[in-house]
Amino acid sequence: MKKFSFSLDTVLDYKGQVLESKQNEHGRALAAQTQQEKLITKLRSEYLSYKEELNEKRKQGLTVIEAISYESYMNHLDSMIRIENEKLEDLKEYQEQKRGEVVEAKKETSTIEKLKDKKRLEYDKMLLKKDELFIEEFVSNTMASGK
């Protein structure tokens, strides 16, 4: 009896490679999103730190030039935070797109794997049936020749 072979094995291998590629792309998108979130957190922390420092200096007294310098830098940080938040939104959309591609690739791979499992079950049943027929025939021939 010939060994089980699935005609779509090459397609299944290809779909597996596509899935792995999509998972890698999604992983990179997630990493970029996480990196962007860390950058925004750092900028916000720096902004708050400068705000506290400015408030302390105001209590102690500071020159107009120092106040303008602090305000200017804080405005710059605020601007950067807004820009980086926009980038983060773009990265989130991209990451969601990649996640969707992974889900779709998993569905395709899963469908072919289920088909392969079904074909394998059919093959195993057919093999079992052939074995049963062989045994029946063997027993029948043995009994007929034994009499």
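**View 1. Gln-33 and the residues it touches.** Leaving aside neighbours within four places in sequence, Gln-33 is in contact with Leu-88, Leu-91, Lys-92 and Gln-95; contact here means heavy atoms within 4.5 Å. Gln-33 sits in helix 1, which covers residues 9–60. Helices are DSSP runs of H or I with at least four residues, numbered from the N terminus. Gln-33 counts as buried because its relative accessibility is 12%. For that label, buried means under 20% relative accessible area, exposed means over 50%, and partly exposed is in between (1.4 Å probe, protein chains only).

What you're looking at is a predicted model, so local features need pLDDT of at least 70, side-chain atom pairs count only at pLDDT 80 or more, and totals for chains, interfaces and linings use all residues. Residues are numbered from 1 along each chain as its sequence is written, and side-chain values use heavy atoms, with hydrogens and water left out.

**View 2. The largest nonpolar core.** Here are Phe-4, Phe-6, Leu-12, Ile-112 and Tyr-123, 5 residues in all. A nonpolar core is a set of buried Ala, Val, Leu, Ile, Met, Phe, Trp, Tyr and Cys residues joined through side-chain atoms within 4.5 Å. Take a look at Ile-112: not counting residues up to four places away in sequence, Ile-112 touches Phe-6, Leu-8, Val-11, Leu-12 and Lys-15.

**View 3. Tyr-50 meets Tyr-70.** There are 4 aromatic pairs in the structure. In this one, the ring centres of Tyr-50 and Tyr-70 are 5.8 Å apart and their planes are at 55°, so the pair is tilted. Rings of Phe, Tyr and Trp (its six-membered ring) pair if their centres lie within 6.5 Å; planes under 30 degrees apart count as stacked, over 60 as edge-to-face, and the rest as tilted. Tyr-50 is partly exposed at 28% relative accessible area, while Tyr-70 counts as buried at 11% relative accessibility.

**View 4. Phe-134 and Phe-138 in a stacked pair.** The ring centres of Phe-134 and Phe-138 are 6.4 Å apart with planes at 20°, so this pair is stacked. These two are 4 residues apart in helix 2, which puts about one helical turn between them. Phe-134 and Phe-138 are both exposed. They also belong to a nonpolar surface patch of about 560 Å², together with Ile-135, Val-139 and Met-143. Such a patch takes residues with over 30% relative accessible area and no salt bridge, joining like charges within 9 Å and nonpolar side chains (Val, Leu, Ile, Met, Phe, Trp, Tyr) within 5 Å. The areas come from the Shrake-Rupley method with a 1.4 Å probe, and for residues only the protein chains shown count as cover.

**View 5. Lys-98 and Glu-101 in a salt bridge.** The structure holds 12 salt bridges, each a side-chain nitrogen of Lys or Arg within 4 Å of a carboxyl oxygen of Asp or Glu. Between Lys-98 and Glu-101, the closest N and O atoms are 3.2 Å apart. Lys-98 is buried at 9% relative accessibility, whereas Glu-101 is partly exposed at 22% relative accessible area. Salt bridges that share partners join Lys-22, Glu-25, Lys-98 and Glu-101 into one network.
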